[in-house]
Amino acid sequence: MTNEILRVENVSKAFAGVKALDQVSLTLQEGEILCLVGENGSGKSTMIKIISGVYHPDQGDIIINGHSYKQLTPIESMREGVQVIYQDFSLFPNLSVAENLVINEQLSSGRRLVNWKETYKTAERGLEEIHVSIPLDAMVSELSTADRQLIAVTKAILAEARIIIMDEPTTALTQKEIQSLFEVINNLKAKGISTIFVSHKLNEVTEIADRTVIFRNGRKVMDQDAKNLDIKTMEFYMTGHELDLDNSQLAQPDQQAAPLLEVEKLGLRGKFKDVSFQLRPGEVLGITGLLGSGRTELALALFGETPADSGTIRVEGREVTIRSIQDAMRNRIGYVPEDRILEGLFLQQTISDNIIVRIIDQMVNKIHLIRAGASKKVSDEWIGRLEVKTPSGELPAKSLSGGNQQRLVLAKWLASDPRILILNSPTVGVDVGSKASIHELIRNLASQGMGILLISDDIPELMQTCNRLILMRRGRTFGVFDREDITEEQLNQEMVADRVFSI
Amino acid sequence: MLKKIVKSSEFVTFTIIVLLSLIIGIINPAFFSLATVFDVLRASIVVSIMAFGLLLVIIAGGIDISFVAFAALASYGTHMFLLSRGYNGGIFLYYAIACVIGLGAGLLSGLIVTRFNLPIFDVSLAMMTMWYGFIRFFIGSTKNFKLPEGAVGYYSRFLVTVRDPFVGEAGLHFSILYVLIIGVLIHCLLKYTTLGRGIFAMGGNREVAIRSGFNIKGTLLVVFGILGVLSAFAGVTHSFLSRHFEPTLFMTQNLDVIAAVILGGASVTGGKGSVLGTFMGVILIQLINRAMVLTGITVEWQQLMIGLVLAFFISIPAIRDLINKRASRAVEVPEEI
Amino acid sequence: MNTTNLKPKVRFEMQTLLLAGILVFLLLFFGLNDQGFLAGRSISSMAIQLPEIGILSLAMMITVMIGGINLSINATANLAAVLSGLFILRFMPESQGPMVIVAMVGISLLIGVITGAINGFLVGYVGVPSILATLATMSIFTGIGVGLTKGQTVTGFPEVVGSVASLSPLGIPMPFLVFVGITVIAYILLGRTTFGFKTRMLGTNPVASKFSGINNKAVIMQIFIFSGVLSSIAGVLIMSRTMSASNAYGTATYVMLTILIGVLAGVVSGKGSVLNIFITVFILQVISTGSHMLLAGVRGSSFFKDFAWGVLLIIIFIINYFTHGRRKE
């Protein structure tokens, strides 16, 4: 187990003068599980792309199986046994499992005809390798995300991978599925196949890694055996500072004030059950839990997208029915979705139009025409207030950077003056600087009397912004904590604890 | 396995064909005869051949409406050319020249689509308008009934004939063999060649197909080439079966062919479809046409009935989705943690 | 960075400028080559034919703007004409009063609303892709008309029916005034009202529009009703001009022509310009009239326009390809 299969030496890569990787070295042993950890923009995806030959390093060497490359091409990389499993798995939804497994081999062999018998045989052999059974003639579109992931892994094995790189592979998996993925990875290890596991979920890293490498701002800041690492140390290296909290930043909501939102025994069949809580004006209430815990479903139910089918919701003391998004908006509930590109923004439309889309109905004159100039006034105001960096509100939204786009989605909802704002993972994919200012903004909004539900699995984020936390597990509220009463480690343990149950 | 067959959209089409046949047969027993079968088949020959070509484009994720113009250009162009040369031979030369013209027209569309990254639908719209204009301005604008002597009896060249108590002599035209041969060839292309799987792959997920190393542009060119050739072939066949050549051949029938392919289970968004299904889609439309006459619904109401059947059929997947969405919520929340 | 960002806005203006440039070029070309071209007679004959196709193009455009298509526009126009025609023949065959016009317009608009609502229901509420839904309803609407008329052309209307097309207040043909009026209304509806705003947003990103509180289903319904109403107005113009109503009028060629105009005018999901449609309709009509005059006497001269339209469309695609860089696949 000491055969070195991959060595990256002093690699640097810059984009438009900005160093994405700065003199980074890395090694990988045969059969080793290496976890690559870092915040967004820390350089880990650049590193993957260099190993897979998508990017060419400005300087440095890549040595795979003893062959040294200055500039690796994707084909050379694959020939050396490097296989990357991207988050979309690169599968064809309309083709069968067997065919998806074999299609790359079919292509690279240059054969013009398809031998179906052979296809099924090869596919079956592939699935046996990782000890899973998925019907070979099922369409990929009929499979769960977890099964697709396993297909992608099998595909990599069939391509005779020696190194499998998984980019955030657990994002869309439930606990149980993550466990079986881990089993598969350990299986690969036994076969001498190495895995580079890219993640920012530290609890998973502690579970699977042989060795952990942490990147920060394009540099490798830590590289050591995973046995000696705890989550707190990793966080320290990831962020570069101890995440200690200044409680004075958090305004305390008035405990006597009447609750803005009261939810009682709310349920949606198959998604969540018996969820009860109260939200006071000025309070930031975190809702956390792992994927599949029902946190997003709860948010969507409160916003009317997939309405709850049992329980009651009271807004400012009045019982309300929320059957549609329009109902939610009538009760001044806003929702900032998780996927800002798909669910939040109109990329080709102007920044200004994106801001006023929620309040367009209020911007008409007596004969129901949109008032000239009204949109500019409103949008300029919000561009200023949220510090969206753009030369003009008339540019399309796609011209903005990730963090600014997230601010734009926030501006859209803030412009409609909500009393209750649901934020679903507001800082996913946002750079560190923007993240801090979005946190600042959340605290400010709360201090002005808004009630905020923050859905997130980013523990430091929750600790920095929330007054109280609700932990959800498998569709139930598992506990409600005051922020003062719980530490990051405890919270992390509580989240991970669920996994112990599920094994 | 059985479950898979029952779930397939080809099975839905097949069931509708059987049910419809039964209903018509019960109302009018004259329906159950070889003569009817021959009649339905004959009416399906030309549409099937075009539909097979179109099927490839639709699986690849595009919609083409210009194939009818390829058919008109190739058949009418060939005819007027050979007529001017005083050709009096058989039908073979017609097919040969027409297929070359069809291939050229198809490749031209394919080249424009791939070279300039344009949507197939937009290009085909332009090409259709252009070709029908071209034919009528540069070649001729009137129907022509003068057939070469070598091909005069073609329309009644039957494989088998039967005596039918209602319609007298009825025959199965031998060009049904073309449908069979072309159908088998296209089926094999789709099922047993890397190229064919590439057509499915690009219709299923174009990005991944490119990433996996499929030659998307080359594949599209082949697809357009085949579309052109098959359309030309259908155009010539139709002209000889109907014993005249016209410059505006099939001009308003492209949507019917698209409808047949869709009825046969192909998906408008690409990645799905089969030769057998397409053939059944064509048969279904012909059957609906005849159902009216045979069940006493007068011919005027035919189109309405076709529309209603189509509306019903296309609503099935959408309604199925709605139901699935509801059902997917019913995953159990465990009672105890 | 900013220069690339400015593109979409510039692009929109580019398309208008390009179209306007082509129109001016064509007018000059035909005007210099044929003395009679710019004379009043050809202009006014254009002004009578062009409104029908222009209004149908708008009906098509708004559905393309929400990422759909409406293949049933021509069927709707014909059905409106046939049903109002049958009504007039049955209940007021001798009347020459304004009630005939009221009945014709009223029934047609009603048909427009109903057919549009059927499309809107299938697309918005059942969730059928619009190309399939309207393919089916095209057959249904045509089928109803064919069934009721036994496939015959309906004729023998009172004279007054023709007045809509033949009147020309201030010397401008009435159909042209109707077209201009509808263009202005559509311009205001799409550009200055929340309906137009929501249409654009829905066309750009239906998921985001749903999460922004836009009632997508309702907007889709409104769009198809609007499309149906515009189609039925075109039906009234056709009926009045030809003094007849037939399910065979225009058929698929008219539908294709409107799509062609839409594509030429640069209409895509989330973006459409009434002005571009207006100019494009003129371009097509000028090519048609101009080439007809230039080629007078040449066999099949009236078909040269089709050829030219197709070629023009391809040329515009290629110009756009080179001026706007490679389009995303």
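Hi everyone, let's start inside chain A: helices α3(A) and α5(A) cross in a right-handed way, right-handed meaning that the near helix is turned clockwise from the far one by less than a right angle. Helices here are DSSP runs of H or I with at least four residues, numbered from the N terminus. Before going on, this is a predicted model, where local features need pLDDT of at least 70 and side-chain atom pairs count only at pLDDT 80 or more, while totals for chains, interfaces and linings use all residues. Residues are numbered from 1 along each chain as its sequence is written, chains are lettered from A in the order in which they are written, and side-chain values use heavy atoms, with hydrogens and water left out.

Back to our pair: α3(A) covers residues 97-109 and α5(A) residues 145-158, and their axes come within 8 Å at roughly 35°. Those axes are lines fitted to C-alpha atoms over the stretch in contact, with angles from 0 to 180 degrees between N-to-C directions. V97(A), N100(A), L101(A) and N104(A) of α3(A) touch I151(A), T154(A), K155(A) and L158(A) of α5(A), contact being heavy atoms within 4.5 Å.

Now chain B. Helix α4 (residues 67-84) and helix α5 (residues 92-115) of chain B pack at about 140°, their axes 8 Å apart. The two are therefore oblique to each other; oblique is what remains once angles under 35 degrees (roughly parallel), over 145 (roughly antiparallel) and 65 to 115 (roughly perpendicular) are set aside. The crossing of α4(B) and α5(B) is also right-handed. Among the residues making the contact are F70(B) and L73(B) of α4(B), and I97(B) and I101(B) of α5(B).

On to the interfaces. Chain C and chain B bury about 4300 Å², with 77% from carbon and sulfur atoms; buried area is the accessible area (1.4 Å probe) lost on putting two parts together, summed over both. Here 51 residues of chain C meet 48 of chain B. How many salt bridges does the rule find across the interface of chain C and chain B? One, between R136(B) and D306(C) at 3.7 Å, N to O; the rule asks for a side-chain nitrogen of Lys or Arg within 4 Å of a carboxyl oxygen of Asp or Glu.

Chain C and chain A bury about 2500 Å², 63% of it on carbon and sulfur. R192(C), F197(C) and F211(C) supply 28% of the area that chain C buries there. Three salt bridges span this interface, and D353(A) with R200(C) form a salt bridge at 2.9 Å, N to O. Thanks, everyone!
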